[in-house]
Amino acid sequence: MTANGHAAPTPAPGCVLCAAPGAFGPRNPAEPRSGLCPACIAAGKPTRDGLEQAVVIVAGQALAGAESLDLATAPPEELAYHLGAVKRGLRSVLQLLAPVGEGGR
């Protein structure tokens, strides 16, 4: 029950990764595959935590590459490449942090 007297919405049962309908158990952060449907488990799909870690690792590598660049001697193509890699990395990290709207994305 919410403060204004309405019933609190309960999440619909389903896979926490692909949203397939069904009851696949509660999400337990200590167990990476909890709440996933058998198809996602069989496919070896990464969990949300795994995806977040991968995005952060790739963004960190892009930043490390850009930091090692010598701006005084780098050709324009290399500058453009590293600037694009940093931009993509930052965009990916910001998308992880962005709140999801009512309709999703």
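Reader: Why is Val86 called buried?

Author: Happy to start there. The relative accessibility of Val86 is 17%, and buried means under 20% relative accessible area, with over 50% called exposed and the range in between called partly exposed (1.4 Å probe, protein chains only). Val86 falls under the cut-off, so Val86 counts as buried. A word on the source: this is a predicted model, in which local features need pLDDT of at least 70 and side-chain atom pairs count only at pLDDT 80 or more, while totals for chains, interfaces and linings use all residues. Residues are numbered from 1 along each chain as its sequence is written, and side-chain values use heavy atoms, with hydrogens and water left out.

Reader: What makes Val86 a contact partner of other residues, and which ones are they?

Author: Contact means heavy atoms within 4.5 Å. Leaving aside neighbours within four places in sequence, Val86 is in contact with Ala62, Leu63 and Ala66.

Reader: Why does His82 count as buried?

Author: His82, also in helix 3, has 15% relative accessibility, so His82 is under the cut-off and counts as buried. Leaving aside neighbours within four places in sequence, the contacts of His82 are Gly65, Ala66 and Leu69. The buried residues of helix 3 are His82, Gly84, Ala85, Val86 and Gly89, and the buried residues of this helix pack against helix 2 (48–67).

Reader: What makes helix 2 and helix 3 roughly antiparallel?

Author: Two packed helices are described by the angle between their axes and the distance between the axes. Here the axes of helix 2 and helix 3 come within 9 Å and cross at roughly 155 degrees. That makes helix 2 roughly antiparallel to helix 3, because angles over 145 degrees count as roughly antiparallel, under 35 as roughly parallel, 65 to 115 as roughly perpendicular and the rest as oblique. The axes are lines fitted to C-alpha atoms, for helices over the stretch in contact, and angles run from 0 to 180 degrees between N-to-C directions. The contact includes Val55, Ala59 and Ala62 of helix 2, and Ala85, Val86 and Gly89 of helix 3.

Reader: Why is Leu90 called partly exposed?

Author: The value for Leu90 is 44% relative accessibility, which lies in the middle range, so Leu90 counts as partly exposed. Leu90 has its place in helix 3. From C-alpha to C-alpha, Leu90 and Val55 are 9.5 Å apart in space, and they are 35 residues apart in sequence.

Reader: How do you know that Gly50 and Gly22 are partly exposed?

Author: Gly50 has 28% relative accessibility and therefore counts as partly exposed. Gly22 has a relative accessible area of 26%, so Gly22 is partly exposed. Gly50 is found in helix 2, whereas Gly22 is in the segment before helix 1 (38–43).

Reader: What do the elements and the burial of the chain come to?

Author: The chain has three helices and zero strands, and from the N terminus on its elements run α-α-α. Of the 105 residues in the chain, 17% are buried.

Key: Helices (H or I, at least four residues) and strands (E, at least two) are DSSP runs, numbered from the N terminus.
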